Amino acid sequence: MTSIDVHDITKDYGTARAVDHLTFSVRPGRVTGFLGPNGAGKSTTMRLVLGLDRATGGSATIGGQPYASLGNPLRRVGALLDAQAAHGSRTARNHLLALATSNGIAGSRVEEVLMEVGLGSVGRRRIKTFSLGMRQRLGIAAALLGDPEVVMLDEPSNGLDPEGIVWIRELLRKLACEGRTVLVSSHLMNETSSFADHLIVLGKGRLLVDMPMREFLASRSRPGVQLRTRDGTRLRDALIRKGHEPVRGDDGRWTVHGATAEEIGALAASEGVPLLELVEKQATLEEAYLGLTATETEFAATSSPTAGQEA
Ligand SMILES: Nc1ncnc2c1ncn2[C@@H]1O[C@H](COP(=O)(O)OP(=O)(O)OP(=O)(O)O)[C@@H](O)[C@H]1O
């Protein structure tokens, strides 16, 4: 089993610190979502792990070894950092064949991965004719070429159509189920919550979160329930009598903070109020993430002083 281990790694570009004493491990058998605002250091960290940049301090290893000392690296680690990096005048097939040949990978893998990423019918087309989504799929094909134990993808959903987004979600889940180590950066919170089991969140080059997704959401959720009923007034009065403070949303649903579904369900039943919906509220990943990173965002938009004054 192969983990990615980052230990006290720091990267300075001139006087700017991109990564700041970062320590974490990415474990096999699960998808780890790698999140953080623009400029937080995600891509830099991935480049440091892949030996594409030299750390100012600290270390990054894959299965206990630095990337540079891995024999047959593409068979150990598959990475997609920049889908635009492929040579445009090559066909997709030849691009993958060149990678396979130079890495001791059987040529038969090329057709397999082209099929796997949905590019089976366009393997003979030049890459410069590919859309952003097709390039993205080709980059993923290159990452999977060596059947690696470790897969690192920087923004893999970029440019993918809705069918592609579903496909990548299923692919990531499958890779993790096969026991591989999967690290995926993304800015799409709904997407990340659909495929990640574990989260690593950076802010300004530092580690903010390293925990299971479920734990992260629970830790940033305010307990409460949401319900829908046609008899809102009667239920509201009963809730107030019990010391709750129900709040009616614009969509007609009621939120009761600090209550459990069991408690509210029993109360509604005892009052004879039919409930059409009753769910325990949990923060979405987007809410939890935005709450966490509000102070860590370097490039947040600020509202203009004249906003709202236009006629
Ligand atoms: N080659 C470089 N030279 C100088 N500064 C760099 C270089 N690469 C990255 N940086 C700086 O390092 C910091 C981290 O950048 P990085 O691209 O790793 O962030 P990120 O989290 O991947 O951001 P994004 O979500 O926007 O892709 C940024 O301030 C960036 O400007």
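This is a predicted model: local features need pLDDT of at least 70, side-chain atom pairs count only at pLDDT 80 or more; totals for chains, interfaces and linings use all residues.

Asn-72 counts as exposed, because it has 12 C-beta neighbours inside 10 Å and the cut-off for exposed is 12 or fewer. You'll find Asn-72 in the loop between strand E4 (57–62) and helix H2 (73–76). Have a look at the backbone too: phi of Asn-72 is positive, about 45 degrees, even though the residue is not a glycine.

Next, jump to Glu-155, in the loop that runs between strand E6 (150–154) and helix H6 (162–177). Here again a residue other than glycine has a positive phi, near 50 degrees. Glu-155 counts as partly exposed, because 19 C-beta neighbours sit inside 10 Å.

Now for the ligand. Which residues are around the ligand? Select Tyr-13, Ala-16, Ala-18, Gly-36, Asn-38, Gly-39, Ala-40, Gly-41, Lys-42, Ser-43 and Thr-44 to show them. Strand E2 (16–26) and helix H1 (42–49) are the elements that give two or more residues to this shell, and H1 gives the most, with three.

Is Leu-22 buried or exposed? Leu-22 is buried, because 23 other C-beta atoms lie within 10 Å. Leaving out neighbours within four places in sequence, Leu-22 is in contact with Val-6, Ile-9, Thr-45, Arg-206 and Leu-207. Finish with a distance: from C-alpha to C-alpha, Leu-22 and His-7 are 6.4 Å apart in space and 15 residues apart in sequence.

Definitions and conventions:
Residues are numbered from 1 along each chain as its sequence is written. A residue is near a molecule or strand if its C-beta atom, placed from the backbone, lies within 6 Å of it. Helices (H or I, at least four residues) and strands (E, at least two) are DSSP runs, numbered from the N terminus. A residue is buried if 20 or more other C-beta atoms lie within 10 Å of its own, exposed if 12 or fewer, and partly exposed in between; C-beta atoms are placed from the backbone. Two residues are in contact if their C-beta atoms, placed from the backbone, lie within 7 Å.
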